[in-house]
Every structure is written in structure tokens, then in C-alpha cells.
Amino acid sequence: MCAQEAIKVDRVDFNSLRDDWIQMEIELSCEGNPSEEARHKNFVENIKVKVYLAYTRDASSREYDYYTSEAEIIIMEKGDDNNVYFYLPGLIAERDNLKQDPDFYYVEVSVDGEAQKPQKTAMSSNIPNIDILNSFVSKADSEGAANEHLLMPIYLVSGVELGRVSKLPAFLRRDVRN
């Protein structure tokens, strides 16, 4: 990928929903496809959005609970704005005494398997540099197994009030394949 990033993270928001569910809203915009091999320069395909969250478990010992999840977007067109939503169940938030906003978060965007450069708008303000970001992602990957699959993309959530939802992209659902 060249200097121009294909997908921009414009905004990340956290909302508290009914029954203590926590909604993570990520606003994406498509800048077009800078790749020389692109089938069409106005379309970006194979977009993966992976999110990393950390909530304080024990402040005195600086221990965190990590939650990760990912969703794949089939295609976006230049000029498109789409939102991707992830949800933490209310009983998990209640059990772990989670506040609405995590202590740390990061949204990693990959196109065709290649991670884009980290964007300031895609991470919490208390991640000041790439070293701290890398350390956070590494810890989330290594210590997040206990909470694997608890943070869910919108298409896996049912039977709950999803909050304000708009401009969903076309998702690639690997979970329904045989």
C-alpha cells in the first residue's frame, strides 16, 4: 500500500445500551484504492476491521481485561461512509464492572491482508506512540484468550436492543460456511 490509506477511521464511539450492553461504533470512510493491482481504483475490497479493548481489572497491579474482535467488509466504494459496530454483553459488563469507555482501544484496518498504518483517530488518546501501541496489541493478543469471542460484531448479536445503527457495509460472514 502506498502513502494514501484506502480506508480512514473517522471516529470511534462507545455507547451504553439497555441492560448494560456496551456498543462500540467505528465510522469508516473510503478514500479509493491506491494499489497498482486494484481491479478498479474506486473500490476497496477485503477490508478487515480488528478491534482491541482493555478495561482495568486491578488498578494497583496494572492488570487489564482484554477483548478483541474482528469483522470483514466485502467492498467499499470511494466516498462511502460506513459504520461497523461491536458489542459487549451487559452481563459481562456487569460481572467485570466495566464502564462505558475502555481504558485503551485500537482499531486496526487491513486491506487485502496488509495492515494499514495506525491512525490517530483509531486509538485512545492515552496511546501516545507506536511502541506503546505495539505493546498494547501484543498484550491484548497474548492475554485476551480468556475473553475471546465475548466482544461481538453486530451480525452475531440478536435478541437485544442494538442502539442507534446506521450505514452498515456488506459483511463477509465466514461463520456460516460449511
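**A look inside**

Mentor: Sorted by class, the lining of the largest cavity has six nonpolar residues, two polar ones and two charged ones (Ala, Val, Leu, Ile, Met, Phe, Trp, Tyr, Cys and Pro count as nonpolar, Asp, Glu, Lys and Arg as charged, and the others, Gly among them, as polar). Before we go further, note that this is a predicted model, where local features need pLDDT of at least 70 and side-chain atom pairs count only at pLDDT 80 or more, while totals for chains, interfaces and linings use all residues. Residues are numbered from 1 along each chain as its sequence is written, and side-chain values use heavy atoms, with hydrogens and water left out.

Which residues line the largest cavity? They are Val9, Tyr106, Val107, Glu108, Val109, Gln116, Lys117, Pro118, Gln119 and Ala122. Strand S6 gives the largest share of this lining, four residues. (Helices, H or I with at least four residues, and strands, E with at least two, are DSSP runs numbered from the N terminus.) The space in the largest cavity is about 40 Å³, and a search of the whole structure finds one cavity of 30 Å³ or more. On a 1 Å grid over the protein atoms alone, a cavity is a set of points where a 1.4 Å probe fits but cannot get out; a pocket is an open set with protein on both sides within 12 Å along at least five of seven lines; and lining residues have an atom within 4 Å of a point. Grid points are joined across faces, edges and corners, and a volume is the space filled by probe spheres set on the points.

Now follow Val107 from the cavity lining into the largest nonpolar core, where Val107, together with Ile7, Leu28 and Val49, is among the residues with the most contacts inside that core. The core has 52 residues (buried Ala, Val, Leu, Ile, Met, Phe, Trp, Tyr and Cys joined through side-chain atoms within 4.5 Å). Two or more residues each come from strands S1 (7-16), S2 (22-30), S3 (43-58), S4 (63-77), S5 (81-88) and S6 (104-111), and from helices H1 (90-95) and H2 (130-143). S3 gives the most, with eight residues. In soluble globular proteins, nonpolar side chains tend to be buried together.

Leaving aside its neighbours within four places in sequence, Ile7 is in contact (heavy atoms within 4.5 Å) with Leu28, Ser29, Cys30, Val44, Ile47, Met76, Val109, Val111, Gln116 and Gln119. Val109, Gln116 and Gln119 are also part of the cavity lining.

The structure holds 12 salt bridges (a side-chain nitrogen of Lys or Arg within 4 Å of a carboxyl oxygen of Asp or Glu). In one of them, Arg11 pairs with Glu27, with 3.0 Å between the closest N and O atoms. Arg11 lies in S1 and Glu27 in S2, so the pair ties together parts that are 16 residues apart in sequence. Arg11 is partly exposed at 27% relative accessible area, and Glu27 is partly exposed at 25%. (Buried means under 20%, exposed over 50%, partly exposed in between, with a 1.4 Å probe and protein chains only.) Both belong to a network of salt bridges that links Arg11, Asp13, Glu25, Glu27 and Arg164. Elsewhere, Asp65 forms a salt bridge with Arg57, with closest N and O atoms 2.9 Å apart, and Asp65 is buried at 12%. By contrast, Arg95, which pairs with Asp96 at 2.7 Å, is exposed at 54%.

Finally, compare the pockets. The largest has a volume of about 390 Å³ and is lined by 20 residues, with Thr68, Ser69, Glu70, Glu148 and His149 nearest its centre. S4 gives the largest share of its lining, five residues. Thr68 is in S4, is buried at 19%, and touches Lys50, Val51, Tyr52, Ala140 and Leu151, leaving aside its neighbours within four places in sequence. About 230 Å³ of space lies in the second largest pocket, whose lining includes Arg57 and Ile132. Here H2 gives the largest share, five residues. The C-alpha atoms of Thr68 and Ile132 are separated by 17 Å.
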